[in-house]
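Welcome! Here is a short briefing to read alongside the sequence and the 3D view. Take a look at the structure, and then we can walk through it topic by topic.

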Amino acid sequence: MNGIILSAIFGVLMMFSSILTSNKATIRSLAIVLCALLLAGNIAEQSGWVLFHVNTSGMLHFSSYGLLFNSIAYFVTLLYFLLSARDIESVGINAAEYFALLFFILAGVAIVSSYDNLLMLFLGIEIISIPLYILTGSDKRNLKSNEAALKYFLMGSFSTGIMLMGITLMYGAKGTFALSGLTETVNPGRNAWYISGLLLLLISMAFKVSAAPFHFWTPDVYDGAPTVFTAFMATMVKAAVFIGFIRLFDTAFPASGQNWKLVLSVITAATLFIGNVTAIFQQSVKRMLAYSSIAQAGFMLFALYSYNDLSKEGLILYSLGYSLATVGIFAVLIRMKDYTFEGFNGLARTQPVLAATTTIFLLSLAGIPLTLGFFSKYYMLAAAVKNGGNLWLVFFAILCAVISVYYYFRVIQAMYFKTGQAEMEPVNAGFRWTLVGMAALVILLGIFPNLVLQYLYF
Amino acid sequence: MPINLYIFLALALFSIGVIGVLTRRNAIIIFMCIELMLNSVNLLLVAFSKMHLADMLAKVPGAVNNGADAQLFVFFIMVVAAAEVTVGLAIIVMMYRNVHSVDVNFLNRLKN
């Protein structure tokens, strides 16, 4: 509860701060402080200090799982603010409003991670999506940004319509929106409504996480949006929808039998294949990262495919590892003058620290041992093996991980083994040290993943 | 009236909306089709609400509140749809200012 209420209040505070001051440094510091407070508030709730006692029974349920994810989301957002707050300001003239919208998205993230009712799922997803449409189009004079915003908006509200139809059909079958009510047996005459409703809901969630047959909007939107906001969209938002997805699977899908495994395995395999293979052919690092986010979503889909304890732990690790690495790479990418692979040529000579940290992040995304990315991928695959059956999917995923090494290493190769003058905007010492800290965290958690997972069982 | 008629009507409206989104090229018309989808959902929710109320009244005579949550949901959909219209029309206006067209075919020209 702390997370939802505090982030909504802080969003409003950020909006009013633009009336009181036009000093960008003040606004930036305020946003960082408020985000740290938000993280502190959520950690306090994890240890049992709830600031606001609101009766949310039947609407929201705050489990240790959802709260841990909130902490991760706020922590990565804090790092994101520390790294990229200056770039958020330089998108347009309304710096404070961008921070306000980001806080509102965090409120939506907290709702999606702890909903107990399909109404709250719908509201949470919309609270995430509507500010994102604005942020995508925030570069108002840029045609690509306009295109991305319109495309994202039309696709997003289309999938919302599908989701609502799904929820309604499920309601028609069960007579309740509560997640707990979905497990009850259906009147056999109405089972078809339930199955088709669940299928529509699955399709709309696949839209939101950009899983394979419904991924076509992702590269254009991620490419067109201002790069700072792409970093946020590709990490926190995607991971949050996955957490919402797995809450749905907790109850709704086991109740309707094993048929979902087939649908999900097809979606997973297609997502992995399309994401990885298309990423190879990209010339722009930003677009490559957009496809890589589709490929990583394929791995996260494993958590839904093999639903057990291991995969739930794995999803937490995955969201942390993936978000840390992607935020770090994007923070460097934003400062680059040229977004193509050639733009990175010789970065190791001019900016050795940035090149080294970017390398660690890329290794983590590729899943090389001793990084967090390795363990998160390991948990996902181990969960699928534990469930038994369909081992072909596991082998296919390993094959795709091998393919992904190629395009991640292209960046490393450009930085270290090619000559050139990588041009980038000046960076200060704080930026470097934050990146070094994040890289250290990626390696530390890659050796001791239990440092995070122990918080699941308080 | 049997519930099936309501379902057919709602699904027909929903399908018109989906087909419109997939085939039309004018951003405003696509937007109207999305609104049509949302409103068909509203209609279906209200119909289901009455259906569950009738079901429950047949079993428990005093349960007059059953199905109220679906009608509540309708209001939430209306509010969210209004918020979406605000943002969506602003985005369409922003695009119109830059390219003097609301044709989504224009968007494909920008692809790389």
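Let's begin with two helices of chain A that meet. From helix 1 of chain A come A:Asn2, A:Gly3, A:Leu6, A:Ser7, A:Phe10, A:Leu13, A:Met14, A:Ser17 and A:Ser18, and their partners in helix 2 of chain A include A:Ile27, A:Leu30, A:Ala31, A:Leu34 and A:Leu37. Please keep in mind that this is a predicted model.

**Helix 1 and helix 2 of chain A**

- Also among the helix 2 residues of chain A in this contact are A:Leu38, A:Gly41, A:Asn42, A:Ala44 and A:Glu45.
- By class, the contact between helix 1 and helix 2 of chain A holds eleven nonpolar, seven polar and one charged residues.
- The axes of helix 1 (residues 2-20) and helix 2 (residues 24-46) of chain A come within 9 Å and cross at roughly 170°.
- Because of that crossing angle, helix 1 of chain A is roughly antiparallel to helix 2 of chain A.

**Two domains in chain A**

- Chain A is divided into domain 1 (1-255) and domain 2 (258-458).
- Taken over C-alpha atoms, the centres of domain 1 and domain 2 of chain A are separated by 21 Å.
- Domain 1 of chain A brings 38 residues to the contact, and domain 2 of chain A brings 37 residues.
- On the domain 1 side of chain A, the elements giving two or more residues are helix 3 (64-89), helix 8 (217-224) and helix 9 (227-251) of chain A.
- Helix 9 of chain A gives the most to that side, with 13 residues.
- The domain 1 side that touches domain 2 of chain A has 26 nonpolar, nine polar and three charged residues.

**The largest nonpolar core**

- This core has 206 residues, and those touching the most other members are A:Phe99, A:Leu106, A:Val112, A:Ala240 and A:Phe302.
- At least three residues of the core come from each of domain 1 (1-255) and domain 2 (258-458) of chain A.
- Leaving aside its neighbours within four places in sequence, A:Phe302 is in contact with A:Thr268, A:Ser311, A:Met380, A:Leu381, A:Ala383, A:Ala384 and A:Ala397.

**Where chain B touches chain A**

- Here, 32 residues of chain B are in contact with 28 residues of chain A.
- Helix 1 (3-23), helix 2 (27-59) and helix 3 (68-99) of chain B are the elements that give two or more residues to the chain B side.
- Helix 3 of chain B gives the most to this side, with 16 residues.
- The chain B side divides into 25 nonpolar, four polar and three charged residues.

Definitions and conventions. Residues numbered from 1 in each chain as written. Chains lettered and ligands numbered in written order. Predicted model: local features only at pLDDT ≥ 70, side-chain atom pairs only at ≥ 80, totals over all residues. Contact = placed C-beta atoms within 7 Å. Helix = DSSP H or I, 4+ residues; strand = E, 2+ residues; numbered from the N terminus. Nonpolar A, V, L, I, M, F, W, Y, C, P; charged D, E, K, R; others polar. Axes fitted to C-alpha atoms, helices over the stretch in contact; angles between N-to-C directions. Parallel < 35°, antiparallel > 145°, perpendicular 65-115°, else oblique. Domains from an automatic or database assignment. Core = buried A, V, L, I, M, F, W, Y, C linked by C-beta atoms within 7 Å. Buried ≥ 20, exposed ≤ 12 C-beta atoms within 10 Å, placed from the backbone.
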